[in-house]
Amino acid sequence: MSQPAQHDEEVLGKAYDARLVRRMLGDIAPESRLIVLSVGLMFVVMGAQLLQPFLFKLLIDDPILRGDRRGVTLLALSYVATLVVELAARFGQLYSMELTGQNVILRLRHRVFRHLVSLDSSFFDRYAVGRLMTRVTTDIESLADLFTSGVVSLLGDSVKLLAIVGILLWLDWRLACVAFALTPVLFLLSAVLRGRIRQAYRDVRRRIARINAYLQESISGMLLVQLFRREKVSTKEFDVINSDHRDAELSSVVYESGFSAIIELVGNVAIALMLWYGGGQILKSALTLGTLVAFLEYTSRFFGPIRDLSGFYAVLQAAMASLERIFALLDERPAITSPTTASRPARSYGRIEFDGVRFAYGSGDEVLHGISLRVESGERVAIVGATGSGKTTLIKLLVRLYDVSAGAIRIDGTDIRMLPLSYLRRQVGVVLQDHFLFTGSIASNIAFGAPTLPRERIEDAARAVHASDFIRRLPGDFSAAVRERGGNFSVGQKQLLSFARALAYDPAILVLDEATSSVDTETELLIQGALGRLLAGRTSLVIAHRLSTIVGADRILVMHHGRIVEAGTHRALLQERGIYHRLYQLQFGLEAPGSGPATLASPEVAS
Ligand SMILES: Nc1ncnc2c1ncn2[C@@H]1O[C@H](COP(=O)(O)OP(=O)(O)OP(=O)(O)O)[C@@H](O)[C@H]1O
Ligand SMILES: [Mg+2]
């Protein structure tokens, strides 16, 4: 179950990529007013912060020395005022920045989701669910970090550093030189450590992705893990990935805390140097005590931003990597789209034509080898054939989940590739082989394709497929809750609901894959009775393994290895004594009588 590492989680490119940033600007532009506000407030915060040590200097050198009580109070109050301003401005700054980040994320998530629903089946064949989930959640989240812990403070920090350097030089350039004597050590150190921190950070991300992938697969396959007693093995596999992650996290912590500690140390040594040198200067009366205090204050505000700046580097790098992956996803073009100049016909007559259709999934082997067939308006055609012979594929092509590799499919004489997608899919109602229900209510699931459908029509559809009996027994009947994927219903019940959903959609062409495979024989009989009425006036394609379902069809097609090998009515096919005849014999265990099934309580062909 261990998955191969997901290649694009490994890519951790540059910390700054102008091309990516330019593309993201489009999403940020609408927030420009908020950003300006945030930057403005950031300058207010900074001004207040830079003013405070200077107030100390004034306080010590002037009113305190002169014993001016009023002056002391005044300066102390000014100090408090700067603190209040700083507090308010900082709140506004953080809030507007966070808001910007969240707005950008909102827009980007919307765009990614809208893009996902436009992509075709072959895309989802290629992409694992876990990876797509990562795009929409974690990747977009790391862009948020860019805003919250990020860009504006980067700007703020850099400006603040420069300002402090300027102020210190202005106050006393000699003491300033002492204060900065150790900064080259810092730059050297960060140059050395940056590469290490980056590598460690990359390892952490890669291993997190592995944990996610493993979790996702284990949780969705939990039933099998337990049934096949894989708990211990799975736990052991997980432990390995888990401790790998811890190790990566630890080594990044070692570098980061080492770096922080050294910055702290350098800062303190700088302060000691200043006390030593500054103290000597004060003794010689070349420096005032206030200036020294201001220096000490400024210096302590100098090393914080340096530490933050190095942390920001990692955030920036992660954001760029995420951006790269998100844009790669957004650049996936849907292979199946509506034609640009499509006319929208009225309701379809339901005439279907497959003309020499060939098809292969992706670059795989061809699974349909030249299928030609015509279904007239209102005709009821059944398809039978062995597992894997290509029956479901035929349907997927009809509704353009995939496009044919060669040949053409026409509805009412028009190539389906020339029809608007939404029109095509409005004409064809499909009941798929795996019955999927969505979280919500019974009613919302039946009205899935027609959300405005009145309640009576929903109930009609349910009654027609004999689903209302079990629905009525549920607490809240049609409002009864449906859990994720319809987990609180039996397979047969889900099939009945899928049936009702297709009927409520009221399509011109109805396609049923494995029509009644999961319902009991009695329900099957009831549905058969209803089907005759429901299919009247519609063209229908019914795929079935139970031959009893289809004997009443106008025409039966037998598929074998991607080809239609027999076609005709039930009676004619039996007389041909070919594949269909053999299937019939196997299923009913008797010599074919050449007429409809007298006994429906028959075993299914194993498939
Ligand atoms: N998404 C896919 N990607 C690649 N190959 C696929 C895909 N879906 C189906 N196939 C292959 O196409 C062939 C035909 O599959 P299809 O689902 O049409 O069979 P079927 O006749 O409906 O079978 P069943 O009776 O079991 O439902 C199979 O060999 C299968 O392996
Ligand atoms: Mg199938």
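Start with the largest pocket, which has a volume of about 1600 Å³. The model is predicted, so local features need pLDDT of at least 70 and side-chain atom pairs pLDDT 80 or more, while totals for chains, interfaces and linings use all residues. Residues are numbered from 1 along each chain as its sequence is written, chains are lettered from A and ligands numbered from 1 in the order written, and side-chain values use heavy atoms, without hydrogens and water.

Select L401, L432, F436, F438 and F448: of the 31 lining residues, these are the closest to the pocket centre. A pocket here is an open set of points on a 1 Å grid over the protein atoms alone, with protein on both sides within 12 Å along at least five of seven lines, and lining residues have an atom within 4 Å of a point. Next colour α5 (121-126), α13, β6 and α18 (491-505), the elements that each give two or more residues to the lining. Helices (H or I, at least four residues) and strands (E, at least two) are DSSP runs numbered from the N terminus. By class, the lining has 15 nonpolar, eight polar and eight charged residues.

Now colour domain 1 (14-330) and domain 2 (352-432 + 507-588). Their C-alpha centres lie 60 Å apart. Both domains give residues to the lining of the largest pocket, so the pocket lies between them. The bounds come from an automatic or database domain assignment.

Go to the magnesium ion, ligand 2, and show T392 (OG1) and Q433 (OE1), its protein donors, at 1.9 to 2.4 Å. T392 sits in helix α13 (residues 391-398), and Q433, 41 residues apart from it, in the loop between β6 (428-431) and β7 (440-441). Donors are N, O and S atoms within 2.8 Å of the metal (3.2 Å for Na, K and Ca); water is not among the atoms, so sites may look incomplete. T392 is buried at 19% relative accessible area, whereas Q433 is partly exposed at 39%. Buried means under 20%, exposed over 50%, partly exposed in between (1.4 Å probe, protein chains only).

Select D403, V404, I409, I416 and R417 next, which line the largest cavity. About 30 Å³ of space lies in it. A cavity is a set of grid points where a 1.4 Å probe fits but cannot get out.

Finish at E459 in helix α16 (residues 455-464). E459 is buried at 18% relative accessibility. Beyond its neighbours within four places in sequence, E459 is in contact (heavy atoms within 4.5 Å) with R472 and F478.

Conventions
Points joined across faces, edges and corners; volume = space filled by probe spheres on them. Nonpolar A, V, L, I, M, F, W, Y, C, P; charged D, E, K, R; others polar.
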